[in-house]
Amino acid sequence: MFERPANGERAVLVQLDLGQDAIEERLSELKLLATSAGASIEAVVQGRRAAPDPKLFAGSGKVQEIGEALRAHGADIVIFNHALSPAQQRNLERELQCMVIDRTALILDIFAQRARSHEGKLQVELAQLQHLATRLVRGWTHLERQKGGIGLRGPGEKQLETDRRLLGNRVKLLKSRLAQIEKQRKVRRRARERRDVLSVSLVGYTNAGKSTLFNALTKAGAYAADQLFATLDTTSRRLFVDGENVVLSDTVGFIRDLPHALVAAFQATLEETAEADLLLHVVDSASEDRDAQIQAVNEVLAEIGAADVPQILVWNKIDLTHARPAVERGDCDKLRRVFLSARTGEGLDLLRSVLAEVARAAKSEDAGRMSAPSDDGISVQT
């Protein structure tokens, strides 16, 4: 059995066309993910299949081509831009004699590198362990041997069974700690609601410019960079716009095919988005794939229960598209889009005015509910 190396940085990327759209955009995204994880891209192998091969995902001929690319470039890791089953991953490693990881593991690795807060580190570890739980059989040659145990194991318990049990215990502990953190967050959220503060969350595809916009509005100095998942931890700041009080939160960026384990692990943090009064959906207007990116973000929002939260599109990076700052309204004067550049500051004044308008409308709506008469003519709070 193949003994997995401790690390690998010289990578061969694999992107197969299985009938998806925007293949070139997907490949560009894979390259960004790989470089964000610290890999050096040595070669790219592409191909087309009607459906994944049950055993090797890419088929024996394509796997042979991947092996030739590995040897030609001296690479030590293969990264698939697809989700591999544990069996497929194990079979590929046997065939290629090197580490093979899929899209999910790659994103988890980036998250592990970027987590800074205590909660963020707990969430990433939980997602990694949940992903690893189905793949414990992979990569060890000693797992078929039984090891009698004192203390940790009962007599005859296999090493694999021990690993699974210890992993399960760790998962329970992490979930308990994250539940406690979520209780503290709910207390803070209730305090904001009592103060009638408008809660606004920035959401968007990763690298759309959310953190840059957050810094431009709040002067918070949150880390922002031209890379995928530059920041993971939710940051909130108070913002005063035209005399109105707003709490603005910057959240983790989304991506197409975001691993379900990550959505589950970050559920507590993402609930901050679901509980917001307004979502500012930041869009990279310079991206040719922006419509698919908007759809990917909306799919994740639906998964976390935030599909019904009012949303305004923020068309960012107009400095790259030569568009003019503007506010677009739809039927009944409903706010739809704001065109701006977070980097240059063009249009920020328009966004501040929009936030103030929403805050005032929310206050009026709350006041109307407070004074709404009941059936017997007495004003009641609803």
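1. Let me start with a cavity. β8 (278–284) and α10 (290–303) each supply at least two residues of the lining of the second largest cavity. Helices (H or I, at least four residues) and strands (E, at least two) are DSSP runs, numbered from the N terminus. Of these elements, β8 gives the most to that lining, with 4 residues.

2. A word on the ground rules. This is a predicted model, where local features need pLDDT of at least 70 and side-chain atom pairs count only at pLDDT 80 or more, while totals for chains, interfaces and linings use all residues. Residues are numbered from 1 along each chain as its sequence is written, and side-chain values use heavy atoms, with hydrogens and water left out.

3. Back to the cavities: the structure holds 2 of 30 Å³ or more. A cavity here is a set of points, on a 1 Å grid over the protein atoms alone, where a 1.4 Å probe fits but cannot get out; lining residues have an atom within 4 Å of a point. The volume is the space filled by probe spheres set on the points, which are joined across faces, edges and corners. For the second largest cavity that volume is about 30 Å³.

4. Who lines the second largest cavity? You will find Gly 204, Tyr 205, Ala 208, His 281, Val 282, Val 283, Asp 284, Gln 293, Ile 294 and Val 297 there. By class, the lining has 6 nonpolar, 3 polar and 1 charged residues. Ala, Val, Leu, Ile, Met, Phe, Trp, Tyr, Cys and Pro count as nonpolar, Asp, Glu, Lys and Arg as charged, and the others, Gly among them, as polar.

5. Next, the sheet that holds β8. Its 7 strands form an open sheet in the order β6-β7-β5-β8-β9-β11-β10, with mixed pairing; two strands pair if DSSP finds at least two bridges between them. At the edges stand β6 (235–241) and β10 (326–329), each pairing on one side only. Neighbouring strands are turned by 25° against each other on average, direction ignored; the axes are lines fitted to C-alpha atoms, and angles run from 0 to 180 degrees between N-to-C directions.

6. Within this sheet, β8 runs parallel to β5, joined by 5 bridges, and Gly 204 stands opposite Val 282 in β8. β8 also pairs in the parallel sense with β9 (residues 311–316), over 6 bridges; there Asp 284 faces Asn 316. β5 has a parallel partner in β7 (residues 244–250) too, over 5 bridges, with Ser 249 as the bridge partner of Ser 201.

7. Do look at β5 (residues 198–204): 7 of its 7 residues are buried, meaning under 20% relative accessible area, with exposed over 50% and partly exposed in between (1.4 Å probe, protein chains only). Leu 198, Val 200, Leu 202 and Gly 204 point one way, and Ser 199, Ser 201 and Val 203 the other.

8. Helix α7 (residues 210–218) is mostly covered as well, with 8 of its 9 residues buried. Among them are Lys 210, Phe 214 and Asn 215. Just after α7, Lys 219 takes a positive phi of about 55°.

9. There is also an open sheet of 4 strands, ordered β2-β1-β3-β4 with parallel pairing. Its edge strands are β2 (40–48) and β4 (99–101). Strands β1 (residues 10–17) and β3 (residues 77–80) pair over 4 bridges, and Val 12 stands opposite Val 78 in β3.

10. Finally, cysteines. The structure holds 0 disulfides, a disulfide being a pair of cysteine sulfur atoms within 2.5 Å. Cys 98 is buried at 6% relative accessible area, whereas Cys 332 is exposed at 82%.

Terms used:
1 Å grid on protein atoms, 1.4 Å probe; cavity = no way out; pocket = protein on both sides within 12 Å on 5 of 7 lines; lining within 4 Å.
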